Amino acid sequence: MATSAPARSLLPAGDLGGRHIVLGLSGGIACYKAAELCRAMVKAGATVQVVMTDAACQFITPVTMQALSGRPVFSSQWDPREAAGVGNNMAHINLSREADAIVVAPASADFMAKLVHGRADELLSLMCLARPIESVPLILAPAMNREMWSHPATQRNIEQLRADGTTVLDVGAGEQACGETGDGRMLEPEELLYDLVRFFTPKLLAGQHVLVSAGPTFEAIDPVRGLTNLSSGKMGFAIARAAHEAGAQVTLVAGPVGLPTPRGVGRVNVKSALNMQKSLDHLAQAATVFVSAAAVADWRPAQMLDQKIKKDGSGEVPTLSFVENPDILASIAASPRAQSGALYCVGFAAESQDLLAHAQAKRVRKGVPLLVGNIGPDTFGQDDNALLLVDAHGTVELPRASKLVLARQLIAEIARRLHG
Ligand code: C5P
């Protein structure tokens with residue numbers, strides 16, 4: 001059997017490693033979040049050049065943004081300082097030419113209206129207009145009062161900006177600085193960072209609907225006790241995130257874990273193996289890829305008692321009997337959609353030894369084209385792992401790395417197989 005090279009990590013040295021971002025701030029109270037966003041982008045490996053409008057400087061000082069980005073801030077089209085190593089007094093040209101993207105956060109209603117009309121009376125809008133439109137994407141993070149957001153003029157402007165090729169991100173809902181409640185808040189810095197990372201991720205799974213199972217199941221003995229296992233759900237959640245970054249529509253069926261839902265991913269919470277089977281059987285009918293990362297309990301108590309089993313002091317211990325749970329993955333892999341190739345199934349195997357032999361045998365037994373082996377005690381609850389991918393043609397080793405890096409590599413491997 002051949003052993004091929006692992007898929008290359010999709011983003012080197014941090015999620016934004018090697019990227020140069022021009023971060024523009026227009027006027028709005030959400031400027032305070034732009035400080036955190038700048039810091040997060042730098043931590044993720046990007047170099048960040050900040051450009052601020054005069055209105056933005058009313059909300060936060062260029063000194064703060066300079067300290068966080070490590071570069072002097074530009075705020076005037078008449079600024080004679082050298083920009084991007086060029087001393088031609090044309091900051092609007094020089095700053096945009098070296099950018100991988102211009103991100104305006106916050107983008108005020110007024111600033112977006114200016115962009116729609118191609119106005120350019122200060123450095124930030126001038127730079128947006130002067131950027132090479134094909135190679136320097138413009139990404140806006142709107143921020144405004146809920147009435148301004150829902151006003152037909154704003155919605156019309158957003159439609160026009162999108163038609164002009166601008167990426168306009170969502171807004172958040174909730175309490176606003178003005179005291180009103182509704183849509184229009186700027187997304188939180190970590191949400192913006194996620195959207196940026198996703199923006200730069202190749203859309204290897206565009207058009208796919210990926211179903212992922214994750215976490216343990218909980219098999220109730222009585223209303224307060226049950227059997228479960230040590231699966232943390234981290235690997236499955238990372239796979240759901242990586243699939244969404246790669247452009248898929250993603251549904252995550254999660255056993256009882258306390259992990260936050262990855263941004264943009266639909267989530268169904270389940271408890272027992274039978275609950276999980278019901279959800280997965282239903283959702284698999286619309287999915288094109290199923291990744292079964294859940295650690296489904298092999299057995300469940302033969303009966304779930306209505307009342308708590310009482311310890312009566314006699315020293316007598318209860319006797320439990322078990323029945324086997326259905327093999328969810330094997331039955332979905334045997335379904336007509338999977339057999340016809342409309343649904344690509346990926347299984348997991350957590351072993352304690354002889355990983356290759358067990359993974360190969362399990363792949364055949366489960367009837368799946370791809371099986372991912374890992375050493376159970378080395379992964380449960382950890383943030384990193386190592387994987388061995390086994391298919392009909394051979395194996396691919398993914399060396400120890402964070403679960404998110406491995407999930408991205410696994411998604412690339414799945415996409416390679418889907419596209420023949
Ligand atoms: O047989 P084993 O539990 O080792 O198989 C692991 C793989 O099968 C995982 O992909 C797991 O999600 C899936 N599985 C299942 N239903 C079960 C047991 C395991 O779908 N009852």
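The side chain of R185 comes to 2.9 Å from the backbone oxygen of E175, a polar contact (a pair of N or O atoms within 3.5 Å; within protein, one must be able to donate a hydrogen and the other to accept it, and residues adjacent in sequence count only if both atoms are side-chain atoms). The model is a predicted one, in which local features need pLDDT of at least 70 and side-chain atom pairs count only at pLDDT 80 or more, while totals for chains, interfaces and linings use all residues. Residues are numbered from 1 along each chain as its sequence is written, and side-chain values use heavy atoms, with hydrogens and water left out.

R185 sits in strand β8 (residues 181-185); helices (H or I, at least four residues) and strands (E, at least two) are DSSP runs, numbered from the N terminus. With a relative accessibility of 26%, R185 is partly exposed, where buried means under 20% relative accessible area, exposed over 50%, and partly exposed in between (1.4 Å probe, protein chains only). Beyond four places in sequence, its contacts (heavy atoms within 4.5 Å) include K33, P142, M144 and V171. R185 and I29 are 156 residues apart in sequence, yet their C-alpha atoms are 9.7 Å apart in space.

As for confidence, pLDDT (the predictor's confidence in each residue, from 0 to 100) averages 94 over the protein, and 97% of the residues score at least 70. Residues 1-12 stay under 50, and the model gives them 27 contacts beyond four places in sequence. Where pLDDT is low, the predicted coordinates should not be read in detail.

Oxygen atoms of the ligand lie 2.6 Å from a backbone N or O atom of S292, 2.8 Å from a polar backbone atom of F348 and 3.0 Å from an N or O atom in the side chain of K366. Taken alone, the ligand exposes 450 Å², and the protein buries 86% of that (Shrake-Rupley method with a 1.4 Å probe; for residues, only the protein chains shown count as cover).

S96, in helix α4 (residues 91-97), is buried because its relative accessibility is 0%. A polar side-chain atom of S96 is 3.3 Å from the backbone oxygen of H92. T379, in helix α15 (residues 376-379), is buried at 5%, and its side chain makes a 3.1 Å polar contact with that of N385.

Finally, some backbone angles. Most residues other than glycine have a negative phi. A84, in the loop between α3 (62-69) and α4, has a positive phi near 55°. D354, in the loop between β17 (344-351) and α14 (355-366), has a positive phi near 45° and is exposed, at 52% relative accessibility.
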